[in-house]
Amino acid sequence: VVQPAGKTPDIVNCLVPWTNDVLLFGLDHSITALSGNPAGGGRFDTVTSITGMAFGRPFAFHPDRSLWFIGSRGGLYRMSGPTGSPERISSNTVDDRLTDIDFSKAVVRMAWDDRMQGFLLFFTSIEGGAENQHYFYDVRTQGWFPWSFDDPNHDPYVLHSFDGDDPADRTVLFGCPDGHVRH
């Protein structure tokens, strides 16, 4: 918890290892970067105090190494470098849907899908059994595609981008509440 004097505590929602030398702290209301070795002269810099990051693993990297994430108040953001300002991607499209998500009741996960050239955004209910609305964002067309699973046991709590040698092995794996791993 980071608490400047006279302000509401800013809780760490996620950690983003950007490079070997930069670690981002996605806080409730801001984003802070730790550069260098904290025991040997490293420093903390505020990247933005406009938005934070949603709790969990609400981020993924694009192949160009830009960071994409779901903000703590909703919205999809993009950062081109660890010290760059976040750019709100969803402001003219599905922003109203993304800002209506209750993050205290959802597990937020995100992954880059190389085959489809876009981001998978999952908002899985913590309570289970609820119908969940997920999205795919196509970076080529800047199109948003809402979708959901017929069975809530298929809504993922965990994602992993598996990058195998065989083209059939390059996929996003979903860890589901029923104990199965799907792709």
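Visitor: Which strands form the open sheet, and in what order?

Guide: Strands of a sheet pair through backbone hydrogen bonds, either parallel or antiparallel. Here three strands make an open sheet in the order β14-β15-β16, with antiparallel pairing. β14 and β16 (181–182) are the edge strands, each pairing on one side only. Strands are DSSP runs of E, at least two residues long, numbered from the N terminus, and two of them pair if DSSP finds at least two bridges between them. β15 and β16 are joined by two bridges, and Phe174 stands opposite Arg182 in β16.

Visitor: Before we go on, what kind of model is this?

Guide: This is a predicted model, where local features need pLDDT of at least 70, side-chain atom pairs count only at pLDDT 80 or more, and totals for chains, interfaces and linings use all residues. Residues are numbered from 1 along each chain as its sequence is written, and side-chain values use heavy atoms, leaving out hydrogens and water.

Visitor: How many residues of β10 are buried?

Guide: Buried means under 20% relative accessible area, exposed over 50%, and partly exposed in between (1.4 Å probe, protein chains only). In β10, eight of eight residues are buried. Ala106, Val108, Met110 and Trp112 point one way, while Val107, Arg109, Ala111 and Asp113 point the other.

Visitor: Which strands does β10 pair with?

Guide: β5 pairs with β10 in the parallel sense over two bridges, and β11 (residues 118–125) runs antiparallel to β10, joined by eight bridges. Arg109 takes part on both sides: Arg109 is the bridge partner of Arg57 and stands opposite Phe122 in β11. Four residues lie between the strands of the β10 and β11 hairpin, where Gln117 takes a positive phi near 55°.

Visitor: And how do I read the largest pocket?

Guide: Rolling a probe the size of a water molecule over the atoms shows where empty space is left. On a 1 Å grid over the protein atoms alone, a pocket is an open set of points where a 1.4 Å probe fits, with protein on both sides within 12 Å along at least five of seven lines; lining residues have an atom within 4 Å of a point. The largest pocket is lined by 27 residues, with Ala111, Trp112, Asp113, Ser161 and Val172 nearest its centre. β14 supplies the largest share of that lining, five residues. Strands supplying at least two residues each include β10 (106–113) and β15 (170–175).
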